[in-house]
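Hi there,

Here is the structure I promised to pass on to you. Have a look at it first, and then read my notes below.

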Amino acid sequence: MLGLLLALSMILAGCGGEEVKSNEAGGKKALRVVTDAAYAPFEYMDKDKIVGFDIDVLTAAAKEAGYTVEFNHVGWDPIFVEIEKKRADIAISSITINDDRKKSYDFSIPYFLSTNKILIPETSEIKGANDLKDKIVAVQNGTTGQAAMDALIGKNSSNIKKFENNNLAIMELIKGGADAVVADNAVIEEYAKNNPDKKLKVIRDDTFASEFYGMMFPKGSAIKADFDKALNKIIENGTYSKIYKERFGTEPDLEKLKSQQNKK
Ligand code: ARG
């Protein structure tokens, strides 16, 4: 009996010991990453798995930096709460780096260039942002798309319909409850392309600014520097371009990305 107990405790101790060892070997514990996985092709659900360009980039950067990561689909607004309250280590969700957000969060170096565009029915007469002034526009709440429409149409205008996620905004357009959706170009372009039966088109407007996505961290995060370094590394060693080509079928504009990184 005693022998059995002894053997058992040795097994248990052995397990514990091994766990510590593998942690030491792996270096760092798994990081909690939060996202809003309703924004294809950047982050979306494939059955019960979170996938997309952002997921690939963060996974590659984490590997480079020696971290393991665990992705959690929490939704858009909760991302900011999770990071603010330091319940998550990183957020990745096509988050545009801007001065307002920089007050409350830290960001990695930029990893993607985007701009808002306008999704409308093929038959729409809307030609650009100016034509949206007296129209009903659906946006995802709390995004740069909403901010652009606040500035154009008026902050509290009921003509701006705000949704918890971007797919709901697109649904509103399809069912005729809105004249347009304003969101990141790659997202609405992919939607229009993959759903030809919905007869939608995307138009651009040069008054919409260039935006750069960053990984978002709690203020003062100790791991931000590791991820900046890792991002630079995967941009330099071709891993980033490979991921980009797989998702978008084209080469990334690395020069533009790098020149933005040097701006402060
Ligand atoms: N780029 C825009 C922003 O930062 C929209 C991002 C929305 N992302 C998402 N996963 N729904 O405001």
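A polar backbone atom of threonine 96 is 2.8 Å from an oxygen atom of the ligand. Please keep in mind that this is a predicted model, and that the distances here are computed from it.

At threonine 144, a backbone N or O atom lies 2.8 Å from an oxygen atom of the ligand. At aspartate 36 the side chain takes part instead: one of its N or O atoms is 2.9 Å from a nitrogen atom of the ligand. The ligand would expose 340 Å² if taken alone, and the protein buries 99% of that.

Now for the surroundings. There are 14 residues around the ligand, and those that come nearest are Ser93, Ser94, Arg101, Thr144 and Asp184. Sorted by class, this shell has six polar, four charged and four nonpolar residues. Both domain 1 (26–111 + 214–253) and domain 2 (114–210) supply at least three residues each to the shell.

Where does the ligand sit? It sits in the largest cavity. The count comes to one cavity of 30 Å³ or more, and the largest cavity holds about 120 Å³ of space. It is lined by 18 residues, of which Tyr39, Trp76, Ser94, Thr143 and Asp184 are the closest to its centre.

Enjoy exploring it, and write back with any questions.

Best wishes

Terms used:
Residues numbered from 1 in each chain as written. Predicted model: local features only at pLDDT ≥ 70, side-chain atom pairs only at ≥ 80, totals over all residues. Heavy atoms only, no water. Near = heavy atom within 4 Å. Polar contact = N/O pair within 3.5 Å; in protein donor to acceptor, adjacent residues only side chain to side chain. Areas by Shrake-Rupley, 256 points an atom, 1.4 Å probe, with all protein chains shown as cover. 1 Å grid on protein atoms, 1.4 Å probe; cavity = no way out; pocket = protein on both sides within 12 Å on 5 of 7 lines; lining within 4 Å. Sits in = over half its atoms within 2 Å of the grid points. Nonpolar A, V, L, I, M, F, W, Y, C, P; charged D, E, K, R; others polar. Domains from an automatic or database assignment. Points joined across faces, edges and corners; volume = space filled by probe spheres on them.
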